[in-house]
Amino acid sequence: MRKQFPIGEQDFANIRRDQMVYIDKTSLIYQIVRERGKYFFFRPRRFGKSLLLSTMRYYFEGRHDLFEGLAIDALEKEWRRRPVIYLDLSRGRTIDLPTLHSMIDNNLREYEKLYQVIPKESDSYSTRLTNIIQEAYKSTGEQVVVLIDEYDAPMLDTMSDLDLKKQVRNRVRDLYSPLKAQSQYLWFVFLTGITKFSQLSIFSELNNLTDISMDRRYIEICGITEQEIHDNLDEEVSALAGQYNLTREQCYDRLKDMYDGYHFRPNSIGIYNPFSLLNALDKQEFRSFWFESGTPTALVETMQRNDYPLEHLTNEEVSSQLMSSVDSDEVSPIPLIYQSGYLTIKGYDERFSTFKLGFPNKEVEEGFTKYLLPYYSPIKKSESSMAIGNFVREIENGLPEAFMKRLESLFADGKYQIIGDEEKYFHNAVYIIFKMLGFYVDVEYQTSDGRIDLVMKTKDYIYILEFKINESAEAALKQIEDKQYAKPFESDKRKLYKIGVNFSTSTRRIDDWIA
């Protein structure tokens, strides 16, 4: 019988009742609860955070029937029922203050009705949540559990509007303030989100949160490990292998290349993105599902606003301090890029407490690059696939003049908008175009002090390109010769092309090239 996958289903009860695929994480939930602290947690989107909170909710409500046969069934002996306040801040997108108020108001009204709390029109969010917590405690005689899903969604939705962002932050801060003030009535608090905003910006009233996002004990609590795929989904992997005429081992390798690679602390095992993996196994095809479920527009706007150099995406190094705290007022977009799931930990230098970041897998690398293309180059979104296809065909057929004329015509269009200064724009545009070509052609590029060296290799040809800004194509070609860029390929039988290119910031286009 074919398994039913919980695609788009985040309610634990529905998953269990309908016998959908569920990767058992309940032993880790039991372990967290026994710690008896107040926790903070984040993972990239589409990583099972909402399902984690839903599972916790039914556990705290004492729904033993839903957990029969799972790990926690053998661990928990009491199954005590506690009052649970579940606030979901991902309900709709925050585009203005009335929308934010409606979302928070709907969350609070649900529990005001349950515990017969009548709010005054003048009551703040903190007053309303305080009254709910106290009444839940009074009516049940049990300390209260508070679960908040996507606590940071309103701030992320307003990242590009600085004034609105500050107003949203203040209102959300007011909502969270009772989590410390009402501590005597609370038994357990858990928050999920994509980003970790600094305590000064959001949790100035709540300084007792313990971040478990990089805790070795809980690395596997969201997402799926390779061992869990073998234990639960081996038949589906075998079926997928058959669709592509692969061996089962080859199929596992391809799944790993596409969807694995997330590391939430140094030297930890890789974690698969569950949304993409389960979609691939359900639909029995390899595809980029991550970007079909949402687009990182606000993230790109933050990168552009901070003049982030795109070449750093593949070799970013940051301090542990920067990694562990994100504020919407930070000057660096790196923590946001990392915590949104577009970069992951690739290495750690213990001596200097610095992390090396990079793309987690092919799905994210190719999808993010393709998404950035129209933001950082003259290639329009609607024409990106065709433009890249034309470039690749010309490269593979040994047509450097056709390739360069096409590249020249892109910048000659003049209809594109340059973000920042022209020199930075050109560097980013060249990087993102050739990064995209690199998914179809062997491309090596190196950046240093504003200089871009680039090598492209196909089965029959090798291209060496040197770019200059406000100089000349002759100077670029001379650098190729003077620095002997072609020397490593002297014994290679493939035909070699050397191309010098000059970009003019005054005309905002490639004004000269020699092939």
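This is a predicted model: local features need pLDDT of at least 70, side-chain atom pairs count only at pLDDT 80 or more; totals for chains, interfaces and linings use all residues.

Visitor: What makes the radius of gyration of the chain agree with that of a compact globule?

Guide: For 515 residues, a compact globule would have a radius of gyration near 24 Å, and the chain has 26 Å; therefore the two agree. Along its principal axes, the C-alpha trace spans about 80 × 55 × 45 Å.

Visitor: How much of the chain counts as buried, and what is the accessible surface?

Guide: Of the 515 residues, 53% count as buried. The accessible surface of the chain comes to about 23,200 Å², and carbon and sulfur atoms hold 44% of that area.

Visitor: What share of the contacts with a separation of 6 or more comes from residues 24 or more positions apart?

Guide: Such residues account for 69% of those contacts in the chain.

Visitor: How many positive and negative side chains are there, and how far apart are the centres of the two sets?

Guide: There are 67 positive and 80 negative side chains, and the centres of the two sets lie 1 Å apart.

Visitor: How many disulfides does a search of the whole structure find?

Guide: The search finds zero disulfides. A pair of cysteine sulfur atoms would have to lie within 2.5 Å to count as one.

Visitor: Why are C222 and C251 called buried?

Guide: The term requires a relative accessible area under 20%. C222 has 1%, so C222 is buried. C251 has 0% relative accessibility and therefore counts as buried too.

Visitor: Where does M159 lie, and why is M159 called buried?

Guide: M159 lies in the loop between α7 (153-157) and α8 (162-176). Its relative accessible area is 5%, under the 20% cut-off, so M159 is buried. M159 and E301 are 142 residues apart in sequence, yet their C-alpha atoms are 8.6 Å apart in space.

Visitor: What makes R17 an exposed residue?

Guide: Exposed means over 50% relative accessible area. R17 has 51%, so R17 is exposed. R17 belongs to helix α1 (residues 12-17).

Visitor: Why is R46 called partly exposed, whereas Q116 is called exposed?

Guide: R46 has a relative accessible area of 32%, which falls between the cut-offs of 20% and 50%, so R46 is partly exposed. Q116 has 72%, which is over 50%, and Q116 is therefore exposed.

Visitor: What is said of phi in R46 and Q116, and in which loops do they lie?

Guide: Phi of R46 is near 60 degrees, a positive value in a residue other than glycine. R46 lies in the loop between β1 (38-40) and α3 (49-60). Q116 is not a glycine either, and has a positive phi of about 55 degrees. Q116 is found in the loop between α5 (97-114) and α6 (125-140).

Visitor: How do you know that M323 is buried, and which residues does M323 touch?

Guide: M323, in helix α15 (residues 320-323), has a relative accessible area of 3%; this is under 20%, so M323 is buried. Not counting residues up to four places away in sequence, M323 touches V318, Y338, Q339, I345, F355 and L357. M323 and H312 are 11 residues apart in sequence and 16 Å apart in space, C-alpha to C-alpha.

Visitor: Why is V501 called buried, and which residues are in contact with V501?

Guide: V501 has a relative accessible area of 0%, under the cut-off of 20%, and is therefore buried. The place of V501 is in strand β12 (residues 495-504). Leaving aside neighbours within four places in sequence, the contacts of V501 include M404, F467, A473, I510 and W513. D512 is also one of these contacts; V501 and D512 are 11 residues apart in sequence and 6.0 Å apart in space, C-alpha to C-alpha.

Methods
Residues are numbered from 1 along each chain as its sequence is written. Side-chain values use heavy atoms; hydrogens and water are left out. The radius of gyration is taken over C-alpha atoms; the globule rule is 2.2 Å times the number of residues to the power 0.38. Buried means under 20% relative accessible area, exposed over 50%, partly exposed in between (1.4 Å probe, protein chains only). Contact means heavy atoms within 4.5 Å. Accessible areas come from the Shrake-Rupley method with a 1.4 Å probe; for residues, only the protein chains shown count as cover. Lys and Arg count as positive and Asp and Glu as negative; His and the chain ends are not counted. The place of a charge is taken as NZ of Lys, CZ of Arg, CG of Asp or CD of Glu. Helices (H or I, at least four residues) and strands (E, at least two) are DSSP runs, numbered from the N terminus.
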